Amino acid sequence: MPAVQETVARVREIDVDQYKYGFVTDIESDRAEQGLSEDTVRFISAKKGEPEWMLEWRLDAYRRWRTMTEPNWARVDYPPIPYEELYYYSAPKGTAGPKTLDDVDPELLKTYAKLGIPLVEQELLAGVQERRVAVDAVFDSVSVATTFQKELRQAGVIFCPISEAIREHPELVKKYLGSVVPASDNFFATLNSAVFSDGSFVYIPKGVRCPMELSTYFRINERNTGQFERTLIIADEGSYVSYLEGCTAPMRDENQLHAAVVELVALDDAEIKYSTVQNWYPGDADGKGGIYNFVTKRGDCRGKNAKISWTQVETGSAITWKYPSCILRGDNSRGEFYSIAISNGRQQVDSGTKMIHLGKNTTSKIISKGISAGRSQNTYRGLVSAHRKATNARNFTNCDSLLIGEECGAHTVPYLEAKTSTAVFEHEATTSKISDDQKFYCQQRGLSEEEAVALIVNGFVKDVLQQLPMEFAVEAQKLISISLEGSVG
Amino acid sequence: MNAEVRPIRTAAETGLIDAFERARSAQAGGEAARAIREEAFSGVVARGLPNRRVEEWKYTDLRALMREAQPIAEGATEADVSAARSLLPLQEVDALRLVFVNGAFAELLSAIDAPQGVTITPFAHALQSDARAALTLAGAPQGDAAVALNTAFVTSGVTITVAAGTKVARPIHIANVQTGPGHAAYGRVLVTIGEGAEATLIESFSGDSGGHQVNSTVGLTLGDDSKATLIKLQDEGFGTLHLATLAATLGARAELKTVALTAGAAASRQQIYLGFKGAKATADLTGAGFAGARRHLDTTLVVEHDAVGCTSRETFKTALDGEARSVFQGKIVVRPGAQKTDGKMMAKALLLSEGAEADAKPELEIFADDVVCGHGATVGALDDELLFYLMSRGLPKVEAEALLVQAFVGEVLESIEIEPLREALVARSERWLVARD
């Protein structure tokens with residue numbers, strides 16, 4: 001059982017404070033004035049050297065946001081967020097657009113090395129066998145480095161910070177930005193539209209299979225800042241891209257806000273695979289500190305035979321509020337959602353997906369595995385709907401919850417709406433704890449109780465782990481063991 | 001920006017306010033009752049009728065369904081009672097019978113030779129003796145619009161008490177018949193089954209095609225080791241708006257079984273609030289529903305496990321034709337400490353026509369770890385292959401469909417033990433399969 005032993009050993013290595021990404025990088029930063037006003041929006045826009053139309057778009061969103069109220073339907077509970085006391089922009093000094101990696105502050109490179117994210121291309125290239133991943137590293141409000149840009153450019157792929165895309169490819173940004181998640185979509189998305197600072201932009205041209213995995217690594221460092229990233233991925237006809245996203249933050253006693261928007265557009269025959277390993281600081285065992293992760297993610301299968309697949313491993317954040325969704329507009333398009341959401345300590349997770357069937361013969365599949373331990377609350381909330389014209393829509397949903405401990409909660413809130421008789425929706429959900437029989441079986445085969453639980457949990461989430469790219473799957477498996485440390489036995 | 005925007009009152013809301021204004025001085029129950037009614041009604045006025053934006057009523061927009069408030073029924077004339085005779089279902093079932101025509105008790109149609117250990121008294125008596133107990137539907141959310149409206153207006157109904165250890169052999173049939181021009185009828189049935197007692201209740205709702213508004217509440221309390229079966233036939237006229245709430249609490253080792261057949265009404269909503277208060281009780285809630293044309297059929301239930309080792313099963317099946325719409329909202333809640341809970345909920349909707357719509361929201365809310373809970377929901381059309389198989393054996397399409405639908409809901413109706421009752425409900429469902437109305 002080498003894999004199991006490895007995970008258990010790994011858990012042991014970690015000391016009481018399990019969160020190993022909790023360090024702070026001491027780096028000077030440039031911040032916007034505290035609070036939020038039209039001036040803040042103008043300041044951010046000016047910092048990014050944005051054209052007038054972009055500023056107008058932001059201001060529209062800002063004015064609209066002022067008229068909106070925070071949603072309260074999710075099963076999460078938190079004190080009011082002091083929007084007027086946050087810093088909406090923070091950037092490491094002297095990184096206003098490093099031309100090459102050599103220009104990047106060595107302190108930042110060290111930070112990312114510590115996080116296990118190599119930003120130095122040479123090292124990567126040396127290992128011939130190694131699979132290469134292009135990385136866009138976002139530190140607080142700005143993108144500090146994007147690797148492999150040259151090679152990607154040769155393939156016609158655009159992979160750059162979104163602020164650069166606004167300047168260099170305004171026609172694409174204008175056409176697609178806000179076309180999946182409109183600026184007026186919801187409270188947090190509207191806030192993001194007003195103050196988003198950075199994030200990744202990806203365009204895969206017609207018929208291109210992206211030569212490597214693309215990845216963005218988000219890091220919140222500065223105190224009292226909110227991170228508002230914006231990601232836009234466009235897969236043109238017949239193209240394919242696999243995109244990974246990772247995130248960490250320092251351990252701090254106060255809560256920090258992360259309100260991101262991710263938009264995916266898949267045109268005819270295109271496929272986007274979007275994987276997330278979310279490991280924001282979850283707060284300590286008593287629920288102090290941690291990130292509020294309020295994210296709007298949505299993919300639009302705009303063309304025929306398009307496919308969008310979301311895979312997420314959610315282990316971090318004090319509060320997770322996110323529903324990566326698929327709008328299945330094109331005929332024969334397909335949406336998939338694979339999720340592992342693990343909550344421990346005082347974490348609160350309210351996550352799920354929406355599959356909106358609009359086109360004919362559209363199919364979707366939802367596999368959600370929730371594990372709650374400690375005193376956490378873990379909710380799956382999902383919608384599957386078929387429009388009157390979505391003939392032959394098919395959905396299969398499976399959400400399973402595993403409870404570890406007596407004080408946690410696991411909830412399932414699925415909505416099924418079928419407006420056509422040709423739709424076939426199937427939904428099943430179960431909630432249980434690790435059965436004593438299973439544990440006994442493993443133990444009488446010579447595994448320790450911890451190993452037995454690790455094995456059973458790994459089996460429980462296997463369906464989802466299989467969907468992750470290789471390196472991520474290994475990492476995610478370890479992360480799961482670490483997240484559950486202290487809850488077993 | 002949290003100021004709530006008060007929408008303009010609809011005709012129905014204004015009508016209800018007028019009706020309450022007129023009714024309250026004449027209502028029985030004295031000062032205590034008046035205060036409870038005022039409180040319930042003012043809640044409805046403040047919030048307005050529930051609409052799409054109220055989560056519990058998301059799929060059943062009462063504000064849109066209830067165009068106007070019908071006047072409160074003013075009892076039944078002799079003509080009404082004789083008209084009701086032909087509208088009274090399940091007469092072939094041997095039972096104690098309590099018949100309410102337009103909300104008023106019709107002695108002429110009833111048979112109330114209550115056996116030893118069974119006490120049946122008018123609801124008005126309960127109002128006089130303990131208004132608070134009579135007007136608080138224990139176990140249900142008092143602020144829910146259907147419950148609150150019932151509390152504000154209800155004057156008729158019955159209280160049934162089965163003494164401890166009494167096993168009532170004959171079922172007790174409570175029939176509600178609406179006849180004449182459109183009116184509103186509010187009724188409340190309060191049933192207490194004593195420790196170790198057993199009883200079977202039948203509820204029926206029927207009526208002519210007038211635009212009636214029926215709002216019924218049933219409060220059911222099961223003592224330790226008791227056993228109850230509740231069978232409901234909702235066969236209202238197609239102009240009726242039917243709102244019904246069942247609130248049940250179960251003592252230790254109690255057993256409850258409910259079977260509902262929903263075949264009538266323009267729009268109907270059955271709410272069930274079930275609470276397990278003692279260990280090792282079991283509940284089996286089942287329902288079958290049919291709707292065609294533009295009818296609307298809602299089943300909303302909340303099962304709360306608040307005791308150790310209880311088992312609940314919920315099985316609901318609907319078949320839809322035309323542009324009918326079915327709604328299923330089911331929630332299993334397991335409170336902290338309710339270990340060894342076993343809960344399974346299943347909702348299935350069969351769409352027989354292009355325009356039918358089914359919405360389902362099966363929820364689990366679990367705060368204890370040593371539990372086994374699951375739910376399933378399916379929405380779909382009849383299996384083409386099964387249909388083809390039957391048609392290849394010479395059955396016309398309609399008959400083949402009918403056979404398959406009959407099998408689909410069979411699971412629910414077949415479990416009724418009283419034979420004439422089962423046959424009557426099966427016959428009713430067969431009638432629907434021919435008419436598909």
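# A tour of chains A and B

Start with chain B, which has ten helices and 19 strands; helices (H or I, at least four residues) and strands (E, at least two) are DSSP runs, numbered from the N terminus. This is a predicted model, in which local features need pLDDT of at least 70 and side-chain atom pairs count only at pLDDT 80 or more, while totals for chains, interfaces and linings use all residues. Residues are numbered from 1 along each chain as its sequence is written, and chains are lettered from A and ligands numbered from 1 in the order in which they are written.

**Chain B as a whole**

Of the 437 residues in chain B, 54% are buried (20 or more other C-beta atoms within 10 Å of the residue's own, with C-beta atoms placed from the backbone; exposed is 12 or fewer, partly exposed in between). Among the contacts in chain B with a separation of 6 or more, 83% join residues 24 or more positions apart; two residues are in contact if their C-beta atoms, placed from the backbone, lie within 7 Å.

**Chain B, residues 179-408**

Select this span next. The UniProt record (unreviewed entry) annotates it as "domain: SUF system FeS cluster assembly SufBD core". UniProt positions are in the numbering used here, feature names are shortened, and annotations may be inferred rather than shown by experiment. The span is 59% strand and 9% helix, with its end C-alpha atoms 33 Å apart.

**The two domains of chain B**

Colour 11-278 as domain 1 and 386-436 as domain 2; such bounds come from an automatic or database domain assignment. Their centres, taken over C-alpha atoms, are 30 Å apart. Eleven residues of domain 1 of chain B are in contact with twelve of domain 2 of chain B. On the domain 1 side, strand 9 (227-235) and strand 11 (255-262) of chain B each supply at least two residues, and strand 9 gives the most, with three. That side has nine nonpolar, no polar and two charged residues. Here Ala, Val, Leu, Ile, Met, Phe, Trp, Tyr, Cys and Pro count as nonpolar, Asp, Glu, Lys and Arg as charged, and the others, Gly among them, as polar.

**Between the chains**

Now show both chains. The contact takes 32 residues from chain B and 32 residues from chain A. On the chain B side, strand 18 (357-366) and strand 19 (372-380) each supply at least two residues, with strand 18 of chain B giving the largest share, ten residues. By class, the chain B side has 17 nonpolar, seven polar and eight charged residues.

Zoom in on strand 19 of chain B and strand 24 (residues 424-433) of chain A, which run antiparallel and are joined by seven bridges; two strands pair if DSSP finds at least two bridges between them. In this pair, A:Ala429 stands opposite B:His375.

**Chain A**

Finish with chain A, divided into domain 1 (15-300) and domain 2 (323-489). Contact between these domains involves 21 residues of domain 1 of chain A and 22 of domain 2 of chain A. Strand 13 of chain A gives the largest share of the domain 1 side, four residues.
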